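This report describes the helical packing, the nonpolar cores and a few selected residues of one protein model. Please consult the sequence and structure shown below while reading.

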Amino acid sequence: MTTLTLTEPRARFLDLIASEWLKLWSLRSTAWSLLLGALAVVAFNVGTAWDHYRYWFQYDAEGRAGFVRNEMALMDAFTGNASMVLILCAAAMGAVAVVGEYSSGLVRTTFAAVPARGSLMAAKLLVVAGVQSGFGAVVAGVSFWSTQAVLAERGAGLPITHPGALRIVVASALLAPVCALAGAALGALLRHSAVSVVGSVVLLLLLPSVLGDRRHLTAVLAHATPLHAWQRLVGVGPAAVEPYPWTAGGAWLVYALWALGAGAVAVVAVRHRDQ
């Protein structure tokens, strides 16, 4: 008598992506975090444009002409304060997406069902990056449209076809998935929500803020951070004289290396550590 052995079919990668998508959106906090984060980011940008609109005639004629001549409206399209809020929201969501399963104990069930930990983490990272890319595109696009609409009432708004405008929108939008992946990598390493979020703040916000550009070493380290890469890509107006200048291509490369490096760290961490 022969005995038939039934083996469970191996999960396809698309199935893993679908599973991670459902898990992410099953959390009530996901939608609320994205909504509140988007409102905060857009509010910072529109608030700055509104200040320029409101106090427009308090500037002298030369000041108003310089605002238009130097394309300062593009600075309102996505402000530094808004970028910090975006970084914090994206990194926190990336960290929680990974750490949440560890804190709830769901990770044991997940690994039992799918022993291929690397593939599982890769699917999670793709979902997180995809959601954050959409989030970044929405907030960057809405911010540009709304700020330029406000400034257009003073004859200072610029269209998306203006040189440099599209680069600001794209760079601001892609900042979200890059930072989300960095947060996910820290979550995979630290496996504690609060510690991972604090680590993301230190790595992505505090460390870049203390790195100056007056010395070669600190300038190189600063240029290697997503925040400084974003600042390089969205810079408008007369270029400031820098001791160690760098190119927009280098800034795009920083984005790519952070995304790839964070993904690799997260996959390796989940493969080589016990659950």
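Val 150 is buried, with a relative accessible area of 18%; buried denotes under 20% relative accessible area, exposed over 50%, and partly exposed in between, with a 1.4 Å probe and protein chains only. Val 150 belongs to helix 7, where helices are DSSP runs of H or I with at least four residues, strands are runs of E with at least two, and both are numbered from the N terminus. Not counting residues up to four places away in sequence, Val 150 touches Ala 49, Trp 50 and Tyr 53, contact being defined as heavy atoms within 4.5 Å. The C-alpha atoms of Val 150 and Leu 27 are separated by 36 Å, and the two residues are 123 apart along the chain.

The structure is a predicted model, in which local features need pLDDT of at least 70 and side-chain atom pairs count only at pLDDT 80 or more, while totals for chains, interfaces and linings use all residues. Residues are numbered from 1 along each chain as its sequence is written, and side-chain values use heavy atoms, with hydrogens and water left out.

**Overall architecture**

The protein contains 12 helices and zero strands. Its C-alpha atoms fill a box of roughly 95 × 40 × 30 Å, taken along the principal axes. Of its 275 residues, 42% count as buried. Among contacts between residues at least 6 apart in sequence, 79% join residues at least 24 apart.

**Nonpolar cores**

A nonpolar core is a set of buried Ala, Val, Leu, Ile, Met, Phe, Trp, Tyr and Cys residues joined through side-chain atoms within 4.5 Å. The largest such core has 54 residues, of which Phe 78, Leu 86, Trp 230 and Tyr 255 touch the most other members. Two or more residues of this core come from each of helix 2 (28-54), helix 4 (73-77), helix 5 (80-104), helix 7 (117-152), helix 8 (165-190), helix 9 (193-210), helix 11 (226-234) and helix 12 (248-272). Helix 8 supplies the largest share, 11 residues. Tyr 255 is in contact with Ala 171, Leu 174, Leu 175, Val 178, Pro 226, Ala 229, Trp 230 and Leu 233, residues up to four places away in sequence not being counted. A second, separate core of 20 residues includes Met 121, Ala 129, Ala 184 and Ala 188. In soluble globular proteins, nonpolar side chains tend to be buried together.

**Helix 1 and helix 2**

Helix 1 covers residues 13-26; at 1.5 Å a residue its 14 residues should span 20 Å, and its end C-alpha atoms are 20 Å apart, which agrees. The expected span is 1.5 Å times one less than the number of residues. Helix 2 has 27 residues and reaches 38 Å from its first C-alpha to its last, close to the 39 Å expected.

In helix 1, Leu 16, Glu 20 and Leu 24 are buried. Seen down the axis of helix 1, these buried residues fall within an arc of 70°, so they line one face of the helix; the arc is that of the directions from the helix axis to the C-beta atoms. On the other side of helix 1, Leu 14, Leu 22 and Ser 26 are exposed.

The axes of helix 1 and helix 2 come within 4 Å and cross at roughly 75°. Axes are lines fitted to C-alpha atoms, for helices over the stretch in contact, and angles run from 0 to 180 degrees between N-to-C directions. Leu 24, Trp 25 and Ser 26 in helix 1 meet Arg 28, Thr 30, Ala 31 and Leu 34 in helix 2. Among the buried residues of helix 2 are Thr 30 and Leu 34.

**Selected buried residues**

| Residue | Helix | Relative accessible area |
|---|---|---|
| Lys 124 | helix 7 | 8% |
| Val 150 | helix 7 | 18% |
| His 223 | helix 10 | 14% |

Lys 124 touches Glu 20, Lys 23, Ala 97, Val 98 and Glu 101, not counting residues up to four places away in sequence. Glu 20 is itself one of the buried residues of helix 1.

In helix 10 (residues 216-223), Ala 219, Ala 222 and His 223 are buried. Viewed down the axis of helix 10, its buried residues fall within an arc of 95°, so they line one face of the helix. The buried residues of helix 10 pack against helix 11 and helix 12. Leaving aside neighbours within four places in sequence, His 223 is in contact with His 228, Tyr 244, Trp 246 and Val 254.
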